[in-house]
Amino acid sequence: MSVHPFEQLDPVRVLAAVESIGFLADGRLFALNSYENRVYRVGLEEGEGGELAKPGVVPGQCVVKFYRPGRWSDEQILEEHGFGLELADAGIPVAAPLLRDGQSLFFHDGFRFAVFECRRGGPPELDAPGALSLLGRTLGRLHAIGSRARFRYRESLSDADCGARALDAVLAAGVLPSSIEHRYARLAAEVVAAIREAFEAAGPLRLRRLHGDCHPGNLLWSDQGPVFVDLDDCIEGPAVQDLWMLLPGGSDAPAWSALREGYEQFTWFNDVEMSLVEPLRTLRMLNHSAWLVQRWDDPAFPRAFPWFGAARYWEDQIDDLSGQLEALQGPARPAW
């Protein structure tokens with residue numbers, strides 16, 4: 001049985017990688033919550049990491065991310081880094097990569113990795129007074145910077161193609177129980193068609209560089225407000241892709257009003273994009289199943305998602321997608 005590359009990423013290799021670019025690690029090592037890549041907080045010897053001595057950054061520590069082999073090209077990773085550095089230079093609170101001799105992507109023992117600032121902050125409390133308005137302002141600033149240029153290599157979210165690819169990946173994997181496969185395939189195909197119709201009805205969209213995976217789990221909250229972390233899924237797409245994920249419940253109009261009020265202080269929001277909230281939510285559901293299928297050879301996934309692949313999982317998916325299809329095909333309704 002072949003060994004997954006990440007199974008070879010032991011603490012010795014992690015610390016050796018950090019030291020290969022000139023840092024001196026003190027032996028402290030803490031694995032952070034990440035399945036797609038492997039991410040660690042690493043302690044540094046006293047006096048190391050002088051470039052990290054700035055407000056909002058934890059002194060004596062850095063965050064190192066080892067990229068999943070075969071997922072992104074070097075060019076796509078470097079665009080992620082370039083976007084993070086551009087945002088940081090503009091004063092946007094984001095965990096930016098560190099440069100060594102002008103480089104941000106490094107190689108050690110067969111792995112590609114990058115080192116980032118370890119930013120201060122805890123979980124966001126978005127129901128605190130003023131929190132959503134501040135978050136909206138910060139995201140509006142991020143999107144204003146994101147609209148200044150285009151990605152060359154990163155992916156684009158402008159239609160339902162990624163949903164069709166997700167469905168193909170699930171069906172090709174042969175993981176669906178035979179009693180469910182036909183129902184799932186037929187329903188998911190209807191869902192993809194409805195998503196495509198929604199994008200076509202919205203017309204040409206103004207695409208901009210986005211965080212791409214802007215849910216509360218990718219936010220820290222400091223004394224100064226939100227800090228965006230993990231630009232690994234940065235993408236070009238409609239602005240609402242980042243906004244809807246911050247309010248996933250989809251029913252709190254006052255919360256949306258507060259978020260949007262802050263957002264529009266810095267950039268314009270196209271109301272047409274509100275019609276894409278449910279299509280984007282449905283795309284995320286399809287892509288999540290495909291993501292699990294495509295990562296199942298990584299031993300971390302069976303350990304973390306033992307329920308995946310059981311008949312009950314796919315029955316629940318059919319129920320959820322049926323509800324989403326009704327939302328997509330039914331009369332227009334406010335997203336919030």
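Reply: The model is a predicted one. The part in question is helix α10, which covers residues 311-329. Its 19 residues reach 27 Å from the first C-alpha to the last, close to the 27 Å expected at 1.5 Å a residue.

Which residues of α10 are buried? They are Tyr 313, Trp 314, Gln 317, Ile 318, Leu 321, Gln 324, Leu 325, Ala 327 and Leu 328. The spacing of such a list can be read against helix geometry. An α-helix has 3.6 residues a turn, so residues three or four places apart point the same way. The buried residues of α10 include Tyr 313, Gln 317, Leu 321 and Leu 325, and also Trp 314, Ile 318 and Leu 328.

Against what do the buried residues of α10 pack? Their partners are three helices: α4 (161-173), α5 (178-202) and α8 (277-294).

As for the setting, the protein chain holds 10 helices and 9 strands. The C-alpha trace spans about 60 × 55 × 35 Å along its principal axes. Of the 336 residues, 51% count as buried. Among contacts with a separation of 6 or more, 76% are between residues 24 or more positions apart. The accessible surface is about 15600 Å², and carbon and sulfur atoms hold 51% of that surface. The chain has 32 positive and 48 negative charges, whose mean positions are 2 Å apart.

One of the helices packed against α10 is α4, and the loop between α3 (131-146) and α4 contains Tyr 153. Tyr 153 is partly exposed, at a relative accessible area of 38%. Leaving out residues up to four places away in sequence, Tyr 153 touches Glu 75, Gln 76 and Glu 79.

Two loop residues have a backbone feature to note. Asp 101, in the loop between α2 (74-89) and β4 (106-108), has a positive phi of about 55 degrees although it is not a glycine. Asp 101 counts as exposed, at 82% relative accessibility. Asp 109, in the loop between β4 and β5 (111-119), also has a positive phi of about 55 degrees and is not a glycine. At 47% relative accessibility, Asp 109 is partly exposed.

Conventions
Residues numbered from 1 in each chain as written. Predicted model: local features only at pLDDT ≥ 70, side-chain atom pairs only at ≥ 80, totals over all residues. Heavy atoms only, no water. Helix = DSSP H or I, 4+ residues; strand = E, 2+ residues; numbered from the N terminus. Buried < 20%, exposed > 50% of the residue type's maximum accessible area, 1.4 Å probe, protein only. Contact = heavy atoms within 4.5 Å. Areas by Shrake-Rupley, 256 points an atom, 1.4 Å probe, with all protein chains shown as cover. Lys, Arg positive; Asp, Glu negative; His and termini not counted. Charge placed at Lys NZ, Arg CZ, Asp CG, Glu CD. Expected span 1.5 Å × (residues − 1).
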